[in-house]
Amino acid sequence: MSHASQISLTFPDGARRDYTAGVTAAEVAASIAPGLAKRAISATVNGAHYDLQWPITADASIAIHTMADDTQALELIRHDLAHIMARAVQEIWPEVKVTIGPVRDQGWFYDFDRAEPFTPEDLGAIEARMKQIINARDPVRTEVWDRARALAYYEERGEPFKIELINRIPEGEDLRMYWHGAWQDLCRGPHLQHTGQVPADAFKLTHVAGAYWLGDATRPMLQRIYGLAFKNREDLKAHLTMLEEAAKRDHRKLGREMDLFHLQDEAPGMVFWHPNGWQIWRTLEDYMRGRLRTAGYKEIRTPQVVDRILWEKSGHWEAYRENMFIVEVDEEGAKEKRINALKPMNCPCHVQVFNQGLKSYRDLPLRLAEFGSCHRYESSGSMHGLMRVRGFTQDDAHIFCTEDQIGSECESFIRLLASVYKHLGFDGFEIKFSTRPDVRIGSDETWDKVEGMLEAAVKAAGVPYEVDPGEGAFYGPKLDFKLTDAIGRKWQCGTFQVDPNLPTRLGAEYVAEDGAKHRPYMLHRAILGSFERFIGILIENYAGKLPFWLAPRQVVVASIVSDADPFVHEIVGALRKAGVRAEADVRNEKINYKVREHSLGKVPVLLAIGMKEVEDRSVSVRRLGDARTETMSFDAALAEFGFAALPPSD
């Protein structure tokens, strides 16, 4: 056992060393090797990210980090840049008030209170000043202050937002101050040791947006400057290239060019599908319906408007009320209005279907699927094309099963999901195993049991996974499935959740082999997630050039001369009989004009028909993205495109 003045630190290799209590990670690094002391940027102490300057006062595990450790290095680089940017802004415009500047994906943002709007030229000036601060290699230091000293400091400097932040911090908590050179900020840290450790050529300020103070629409509107940052110039350049590619692939832009859908103010977050877009939807739905039927699912349909009583029983009214659309009805003869809600999810309604009639263990597993239309209130600022909407349709299903069926259901679901994703063009996916959140229902004993069962099931399926602590649903642990698209972005789509609680709350039961009534387990699962979002992902993944079977317009048959029109219509009729979505273009326009127009509309195949093709009963084939043309016989084209129009199958 260590003395009061001595502590024992355990390193990643299991080695232990004793130090004087209050030792810093910088001193620990120096005690190991001068080279490590020079390269060290931070430490992980008992799982927490530590600044090199912070004292370590008790026995702990420790790992020293260098710039080779991407996660820690990027967090520090981005966090330091937030402070360096705020310092640069106040050096250029001393009257500007600072607020907060957190790290986010690929970068950071910082919110400022300034009367004049920041311009693109201002961003350039801020970037230049930031590079000067980095090149100055100013030291970064930190102190812990008491509340009174910190409040007096900010009152003297006229920083009302910092004063409010301090007043929101619970009494008794220490307040940590950081200085980057002479500029100071209230911050939890950690940070790098001097400004020169930030790579000066690996960041970029991207844009300015409005943001309410603390996200509250009743509070002042601030200006939020966003930045990107990486470890080196090459990584920044690669990310900027990806953003350029993403802009070209934006599903909203392609949606207009391909005439797929639109949104309008009279129905915020609700999609108006045009014939082309709805064709993609129906093709995808038909494909999914066939896959589910083969996998033993039974399709159902449940109401969209349901009395609040059911949502109260399920627990959603308490947990999810602010996200639900409420429908009040003056029932005939009733003394008060009846309160209903548009369903935000399908689960409680599926339990109602299960509860009709006595169920036996022989009926399990019972797999109930629904392409269920749901509505959730999303703030106007969070909505984004098809990716974030208020009205959406899930490829939802709930499996009612016994405890010993969970493993096999999980395995067969992962196989089905992998096959669907492969057919849709995504060969691989990541799995996150999300464990119990802080706010949850059910006992710890139940959580231990179901987490163990789900982890055993995913292990048995033989697929790699990562644990995501605390990110489970409030009713049970889950697996989340993330796709990587053609330009490297990750999308969380599929999910598989084990729920021991909702069947209990809503009275679901079955007669077991022992003749007694038992509660079934309920497995919530989806593959696409929502049709709207998944179609948006598909459009962007393929840059609009969807696989032939999924393309809304598969073949356009275009005449070169008007005398070819009868043969054009004959080909279109034959293709349609063969199951191909074909249309004729016999407008009095040049063929090059037609080719350009249909290429912009991302039509996979254009068949050009002139008098030579009429005489030979052939077609001249132009495929999207290919400058060459090929000649095929009418019958060969019919056979090829008829086959290509079929949805994939295993």
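Is R489 buried or exposed? R489 is buried, at a relative accessible area of 16%. Here buried means under 20% relative accessible area, exposed means over 50%, and partly exposed lies in between, with a 1.4 Å probe and protein chains only.

1. Basis. This is a predicted model: local features need pLDDT of at least 70, side-chain atom pairs count only at pLDDT 80 or more, and totals for chains, interfaces and linings use all residues. Residues are numbered from 1 along each chain as its sequence is written, and side-chain values use heavy atoms, with hydrogens and water left out.

2. Overall. The chain has 650 residues, of which 51% count as buried. Its C-alpha trace spans about 95 × 75 × 60 Å along the principal axes. There are 20 helices and 35 strands. These are DSSP runs numbered from the N terminus, helices being H or I of at least four residues and strands E of at least two. Take contacts between residues at least 6 apart in sequence: 67% of them join residues at least 24 apart. Contact means heavy atoms within 4.5 Å.

3. The R489 pair. The structure holds 47 salt bridges. A salt bridge is a side-chain nitrogen of Lys or Arg within 4 Å of a carboxyl oxygen of Asp or Glu. R489 forms one with E540, the closest N and O atoms being 3.0 Å apart. The pair links distant parts of the chain, 51 residues apart. R489 sits in the loop between β26 (478–484) and β27 (490–499), and E540 in helix α16 (residues 531–541). E540 counts as buried too, at 5% relative accessibility, and R489 is buried at 16%.

4. D444 and R436 meet through their side chains in a salt bridge, at 4.0 Å from N to O. D444 is partly exposed, at 45% relative accessibility. R436 is buried, at 19%. Both belong to a salt-bridge network of R436, R440, D444, D448 and E451.

5. E630 and R623. These side chains form a salt bridge at 2.9 Å, N to O. E630 is partly exposed, with a relative accessible area of 34%. R623 is also partly exposed, at 26%.

6. α3 against α4. The axes of helix α3 (residues 70–92) and helix α4 (residues 120–135) come within 9 Å and cross at roughly 115°. Axes are lines fitted to C-alpha atoms, for helices over the stretch in contact, and angles run from 0 to 180 degrees between N-to-C directions. α3 and α4 are therefore roughly perpendicular to each other. The classes are: under 35 degrees roughly parallel, over 145 roughly antiparallel, 65 to 115 roughly perpendicular, the rest oblique. α3 passes α4 in a right-handed crossing. A crossing is right-handed if the near helix is turned clockwise from the far one by less than a right angle, and left-handed if anticlockwise. On the α3 side the contact uses L81, I84, M85, R87, A88, V89, E91 and I92; on the α4 side, A125, I126, R129, M130, I133 and I134. By class, the contact of α3 with α4 has eleven nonpolar, no polar and three charged residues. Ala, Val, Leu, Ile, Met, Phe, Trp, Tyr, Cys and Pro count as nonpolar, Asp, Glu, Lys and Arg as charged, and the others, Gly among them, as polar.

7. α13 against α14. Helix α13 (residues 406–423) packs on helix α14 (residues 444–460) at about 45°, with the axes 9 Å apart. That makes α13 oblique to α14. The crossing of α13 past α14 is right-handed. I406, G407, C410, E411 and I414 of α13 meet M453, L454, A457, V458 and A460 of α14. The contact of α13 with α14 divides into eight nonpolar residues, one polar and one charged.

8. The α12–β22 loop. N355 lies in the loop between α12 (347–354) and β22 (366–375). N355 is partly exposed, at 27%. Leaving aside neighbours within four places in sequence, N355 is in contact with L506, G507, A508 and E509. P365 is in the loop between α12 and β22, and the peptide bond from L364 to P365 is cis, with omega near 0°.

9. Backbone points to check by eye. The peptide bond from G189 to P190 is cis, with omega near 0°. N46, a residue other than glycine, has a positive phi near 50°. N46 lies between β4 (40–45) and β5 (48–50) in a loop, and counts as exposed at 53%. A543 also has a positive phi, near 50°, and lies in the loop between α16 and β31 (555–559).
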